[in-house]
Amino acid sequence: MTLRLFNTLTGQLDDLVPSDGLALRMYACGPTVYDFGHIGNFRTFLQVDVLRRFLKLTGVNVLHVMNITDVDDKIIRNAAAAGIPISEYTPRFIDAFFEDLESLRVERPEQIARATDHIDRMVELVQRLAAVGAAYKTEDGSWYFRLAAFPEYGKLSKKDLSGMEDGARVDVDEYEKDSARDFALWKAVKPGETSWDTPIGRGRPGWHIECSAMAMEYLGESFDLHAGGEDLMFPHHENEIAQSESVTHKPFARHWMHVRFLLVDGRKMSKSEGNFYTLRDLLLKGYKASAIRMALISVPYRHQLNFTFDGLTEATNAIERLRTFHQRLLQGNFAAGANPALRAAAEKAQADYMAALANDLNTAEARAPIFDLIRTSNTAIDQSQFFAGDRDAILAVLASFDAVFDVIEDRDAEPTRRAVEWAEKAGRVADIAPGLLARESLNDEAIDALVAERTLAKKQRNFARADQIRNELAEKGILIEDSKDGVRWKRK
Ligand code: AMP
Ligand code: ZN
């Protein structure tokens, strides 16, 4: 099965296949580590995770590179405000970022590339650009890309750049929405700023050059896919193309994927509007990491996701349905045999699920047949029409669902525990939902009582309640072990 993915460059759905027949070589712009990641950032990283997981599910190997922008205007500004060098400022946000990705079960890219580890490569690229007349040095010792040297500029964003001012320059990393200008490749050192002594002078890289240099370092001059949020299409990605193709004369990335921006309560997320959330903010409010993952991926990447707390509750309920059903399959005692209608339903659900994802990663359409199958199976179980032979077929469908969605196995306790621990250290105890603190303080007697209640619930075949208790305890870091000698529990 081949994934048809919208390609910003061609403006249509194109097949996404490894051009070297071995692995899909992809680059996704990573975070700028000046603060904690917000849910908009994570929506984009999660959608790239959906992409790579689906490719793997269809048997395609991936070689995925993600950069970490650990030097830029904002980082320099924030580090200066904190009175520490950027090399001390960024590591905690890099660690926090990976911790957040882990909480959201985002797979690690095969290659992580920090900008400050690749200064040499960037300098080399500036030199190559200068050699072909596409880069020039200004009086202060900075280097700029000469837009006039790349007539194809604008081919990705399809912007009409006819009014482009020849020779006008821009040197800030922050986005310029509608004007195309010569942009900074290398910024001459300013007093008090981090800088590197290099053959092109003392200074630091501009933002765009890092992605061209690192993508080509790990993926070659021409590779399969480049991804990022839609805000990066112009000018960042347009600039990456210009910098790279001016020296290689080869298509930089063949396929470009852009994730639509997330809104919160119908508005652009912003701190001043009070609708700005990091992952940690939501975990501290008591939402589960799996629900946040589910809510952020369930709207397909090219559709506008309007994030709301109702949406998070819907995701929480959907996961509960999945987990309860999964437990029901695992724990049920089904008579020997098989129900041909269920086998057919499982095959159809699997085919519809795969087809929806293969069609431009339509996660919303992919969910529907899975929940239909759950409904059909539950009815069959209730009517004693579900047999041991049906269990494996349906578990296999759930497994391929979870290969991409990854929400069925309950691993929500750890992210919440980590967030609470972090909040306590960061002086944000007031933000921890009371329920989370109460859970933390469960004493042994309370745990014994819950474990006993669970044993009773199982005897009464009230598996929903038994699971609920098990999950509640797991969230508090308490593991129940069933053995033939009885039930034991321990703290993780
Ligand atoms: P940054 O750390 O600002 O460089 O952004 C990291 C990634 O998150 C980039 O791919 C951005 O395009 C993406 N991003 C930032 N804000 C949002 C948003 N509100 N919705 C979706 N993606 C976003
Ligand atoms: Zn980039």
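**Close-up views of a predicted model**

View 1. A salt bridge here is a side-chain nitrogen of Lys or Arg within 4 Å of a carboxyl oxygen of Asp or Glu. This is a predicted model, where local features need pLDDT of at least 70, side-chain atom pairs count only at pLDDT 80 or more, and totals for chains, interfaces and linings use all residues; side-chain values use heavy atoms, with hydrogens and water left out. Residues are numbered from 1 along each chain as its sequence is written, while chains are lettered from A and ligands numbered from 1 in the order in which they are written. The domain assignment, which is automatic or from a database, gives domain 1 (3–259), domain 2 (267–405) and domain 3 (442–491). The C-alpha centres of domains 2 and 3 sit 25 Å apart, and four residues of domain 2 touch five of domain 3 (contact: heavy atoms within 4.5 Å). Between them they bury about 480 Å², 38% of it on carbon and sulfur atoms; buried area is the accessible area (1.4 Å probe) that two parts lose on being put together, summed over both. On the domain 2 side, Lys288, Gln327 and Gln331 lose the most area, together 65% of what that side buries.

**View 2. The zinc ion (ligand 2) and its protein donors.** Cys29 (SG), Cys211 (SG) and His236 (NE2) lie 2.0 to 2.2 Å from the zinc. Donors are N, O and S atoms within 2.8 Å of the metal (3.2 Å for Na, K and Ca); water is not among the atoms, so sites may look incomplete. Cys29 is in the loop between strand 3 (23–28) and helix 1 (39–57), and His236 is in helix 6 (residues 233–248), 207 residues apart. Helices (H or I, at least four residues) and strands (E, at least two) are DSSP runs, numbered from the N terminus. Both Cys29 and His236 are buried, meaning under 20% relative accessible area, with exposed over 50% and partly exposed in between (1.4 Å probe, protein chains only).

**View 3. Arg53 paired with Asp406.** The closest N and O atoms of this salt bridge are 3.0 Å apart. Arg53 belongs to helix 1, and Asp406 to the loop between helix 12 (388–405) and helix 13 (413–425), 353 residues along. Arg53 and Asp406 are both buried.

**View 4. Arg254 paired with Asp224.** Here too the closest N and O atoms are 3.0 Å apart. Arg254 is partly exposed at 32%, whereas Asp224 is buried at 2%.
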